[in-house]
Amino acid sequence: FAGQSNMEGWSNQALPGSFRDIVKIVNQKEKKQKIRNRLKRHLNQAEDATDETSRNESRFLYSIRKHLKKRFMFFDHPSSTCSFTVPTQAGTGNLDCERPVSETACGAYQIGYGPEFMFGHMFPKKESPLEGKPIGIAKIAVGRTQIYENWMKENKDEAENYWYALVDVIKGAKGSLEGFVWFQGESDSFTEWNRANYLDNLMKFIADVRQEIYDASILNDKFSSPAHVPVVICELGKWIYDIDTTVIEAQRAFVANDTNAVLVSTGAGPDESDTMTAFYHFDAASQLIIGNRVARAMANLLQKNTDGVFV
């Protein structure tokens, strides 16, 4: 898992304490519509929430309510772990250590969560070669970063570039990585050159990341080629969609031309029934929804490759 601030995970920012309230509401023994109405009223208190985004998030959450039981959500996951390497923080040049997935284990400053939280809960339940098995999530993210300046290999020797740190995380997994999840692009949406070149940069970056994952896994013969490494791209959401759609269009073009990549929708588009929070940091509800969607996307890619569909 890698990217900028929405991969870091600021789930507690738009509405502090929202996560636990969400879990309590969905576990009420009440009728469907009453629970959804309670959720909508709660979510509507979040910064930049609207009736439409709150209604949608409540609907999406209700659809996964059986996976939001207190006995699962409020405690460390028994078999899913995560690490969060933050190369910009003093004293964190080394790789982070694994710990059980929880609501604060691997979020920004360990006060919230990103998509890794719900992914850790949902991915082992999805049909894939790893169904029912313990998993580990290696995450590296830095807020306010641009793909070309801060992440790409060709700028690896620049002061504020994190390519070496990303490679360290890949190598630290010792060939166990099964795929790559990328959640980044907001900061590229505000300058003309970054917007115009995002698709080319994303293609080069993903190719380089795939090569590193392939090289790290070559001894266990996990992938037939670098292109065989599954990639999930998290689409930028409503906040950026309402500002400029260039990077979002580049993300869509990338997956449209890559048979082993999937785009996870985060509510960017004209269809108001799909939109989620317009706040620049996805809130507690939307991060749960996105994490589940990432889990489903990655499981589908792994299953497709196992079934021999990949070409």
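Residues are numbered from 1 along each chain as its sequence is written, and side-chain values use heavy atoms, with hydrogens and water left out. Because the model is predicted, local features need pLDDT of at least 70 and side-chain atom pairs count only at pLDDT 80 or more, while totals for chains, interfaces and linings use all residues.

Helices (H or I, at least four residues) and strands (E, at least two) are DSSP runs, numbered from the N terminus. Burial is judged by relative accessible area: buried means under 20%, exposed over 50%, and partly exposed in between, with a 1.4 Å probe and protein chains only. Accessible areas come from the Shrake-Rupley method with that 1.4 Å probe, and for residues only the protein chains shown count as cover. Eight of the eight residues of H6 are buried, so this helix is largely enclosed by the rest of the structure. The buried residues are Pro115, Glu116, Phe117, Met118, Phe119, Gly120, His121 and Met122.

Side chains of opposite charge can pair when their charged atoms come close. The partner of Glu116 is Lys139, with an N to O distance of 2.7 Å. This pair links distant parts of the chain, since Lys139 belongs to strand E4 and Glu116 to helix H6, 23 residues apart. Lys139 is buried, with a relative accessible area of 1%, and Glu116 likewise counts as buried at 1%.

By this rule the count of salt bridges comes to 13. Another of them joins Lys40 and Asp51, whose closest N and O atoms are 3.6 Å apart. Lys40 lies in helix H3 (residues 32-43) and Asp51 in helix H4 (residues 51-63), so the pair ties together parts that are 11 residues apart in sequence. Lys40 is buried at 19% relative accessible area, whereas Asp51 is partly exposed at 42%. The side chains of Lys34 and Glu30 meet in a further salt bridge, at 3.9 Å from N to O. Lys34 is partly exposed, with a relative accessible area of 46%, and Glu30 counts as partly exposed at 26%.

Contact here means heavy atoms within 4.5 Å. Not counting residues up to four places away in sequence, Ser128 touches Phe123, Ala299, Leu302 and Gln303. Thr266 is placed in the loop between strand E7 (261-264) and helix H12 (284-306), and this residue is buried, with a relative accessible area of 0%. With residues up to four places away in sequence again left out, the contacts of Thr266 are Phe183, Glu235, Leu236, Gly237, Met276, Phe282, Ile290 and Arg293. The C-alpha atoms of Thr266 and Asn194, 72 residues apart along the chain, are separated by 21 Å.

The loop between E4 and H7 contains Gly143, which is partly exposed at 22% relative accessible area. Leaving aside neighbours within four places in sequence, Gly143 is in contact with Gln4, Ser5 and Glu8. The C-alpha atoms of Gly143 and Glu8 are separated by 7.1 Å, although these residues stand 135 places apart along the chain.

Patches are made of residues with over 30% relative accessible area and no salt bridge, like charges being joined within 9 Å and nonpolar side chains (Val, Leu, Ile, Met, Phe, Trp, Tyr) within 5 Å. Lys and Arg count as positive and Asp and Glu as negative, while His and the chain ends are not counted. The place of a charge is taken as NZ of Lys, CZ of Arg, CG of Asp or CD of Glu. Lys32, Arg65, Lys66 and Lys125 form a positive patch. A negative patch consists of Glu149, Asp157, Glu158 and Glu160. Asp157 is found in the loop between helix H7 (147-151) and helix H8 (163-172), and this residue is exposed, with a relative accessible area of 62%.

Technical notes. A salt bridge is a side-chain nitrogen of Lys or Arg within 4 Å of a carboxyl oxygen of Asp or Glu.
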